[in-house]
Amino acid sequence: MRIDLERVRKLAEKVSDVKPILNAFDERFFPEKGVEKELVTSYFLFLTAIDHRTRVDNIYHKEIDGELFFGSDLLFRLAKLKYNEDPEFYTAKSMERLSFKEFKEVFMPEGVTLRDPDLRVTLLRDLGSKLIRLYDGRTINLIEMAEERIKGTPMKPGLLELLKSFIAYTDPAEKKSYLLMKFLERRGLFSPKDPENQQVPVDNHLIRIAIRTGLLRLEKSWYPLLRNERRSTLEEDVALRLMTRAAFKQVAEEAKITPFVLDDFLWSHGRTICMRDGPLCEECSIRTACLGGGSWFSWAKEPFNENWYY
Ligand code: SF4
């Protein structure tokens, strides 16, 4: 597996003028402006902890107030509806004692099935109980301990290292940790002094785009995985995601944009254009940077691995 430097350059040209898309103040999904810091940081910490694959048989969607939400958007939309009723739901004390019934009432309303709900409850309880034991139950204490650093040292850990105490944030490729930092940064709650350590939070969409564009060049021995003929091992999954992360870091540097802004574009592109089934190559804004103009690897699907990391 290697990073194709020619693709880095071509993709960078295509994305150099992309702008941030994620609006972390969108009141359909997130707490409104002016809310107390502790409540907002807790909301993002808990929600990001359970923001991994949501669909069962490719379905996790619901229409709310005439608008159709799916996947991660639905998870946050339902979370926000609960927040509107009871913001204290997203506190360490409440999460430590979270019951399956309470979780189901919020995230699995009638007719909606969510993947691995038991696991999500476990991740939330673990977060709640460790926040109480390690940080006096306050998320803001955790953020302050990082002293505006992404990475630190064993003596003075940054946010990346501190988050690893929680099961939800133990991913070796740190997808949820970087996603959380992106939310907090957009809300003005985390302004790292070491922006050079910023990375894209790698999920399915980013892996797929890295493979299809040829940014990541894989040996033929990987092809059965790209045809989903078998599941990937955790080692293969992590290797692929770390290389995807490194490749997009190079693209962001070359394009002179931040990895978080690049992630906004890639995530949206993966959901709406370079979709898993039936990519819309004719409508693709990065088509001329894609290997063979989209004709070489558009058949490839990201390998599947069973985990709660992304
Ligand atoms: S050209 Fe097709 S395969 Fe390539 S990035 Fe665009 S949608 Fe995906």
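Predicted model: local features only at pLDDT ≥ 70, side-chain atom pairs only at ≥ 80, totals over all residues.

Modeller: Let's start with the domains, whose bounds come from an automatic or database domain assignment. Residues are numbered from 1 along each chain as its sequence is written, and side-chain values use heavy atoms, with hydrogens and water left out.

Now your pocket. On a 1 Å grid over the protein atoms alone, a pocket is an open set of points with protein on both sides within 12 Å along at least five of seven lines, whereas in a cavity a 1.4 Å probe fits but cannot get out; lining residues have an atom within 4 Å of a point. Domain 1 and domain 2 both supply lining residues, so the largest pocket sits between them.

Who's in the lining? There are 47 residues, and Arg55, Asp203, His205, Trp267 and Arg271 are the ones nearest the centre of the largest pocket. Helices H3 (71-85), H9 (175-186), H10 (204-213) and H13 (259-272) are the elements giving two or more residues each; a helix here is a DSSP run of H or I, at least four residues, and a strand a run of E, at least two, numbered from the N terminus. H13 contributes the most, with 7 residues. By class, the lining of the pocket has 20 charged, 15 nonpolar and 12 polar residues (Asp, Glu, Lys and Arg are charged; Ala, Val, Leu, Ile, Met, Phe, Trp, Tyr, Cys and Pro nonpolar; the others, Gly among them, polar).

A search of the whole structure turns up 1 cavity of 30 Å³ or more, and the largest cavity has a volume of about 110 Å³. Its lining has 15 residues, with Cys274, Cys281, Cys284, Cys290 and Gly294 nearest the centre. H10 turns up again, giving the largest share of the cavity lining, 3 residues. The classes for the cavity lining come out as 10 nonpolar, 4 polar and 1 charged.

Definitions and conventions
Points joined across faces, edges and corners; volume = space filled by probe spheres on them.
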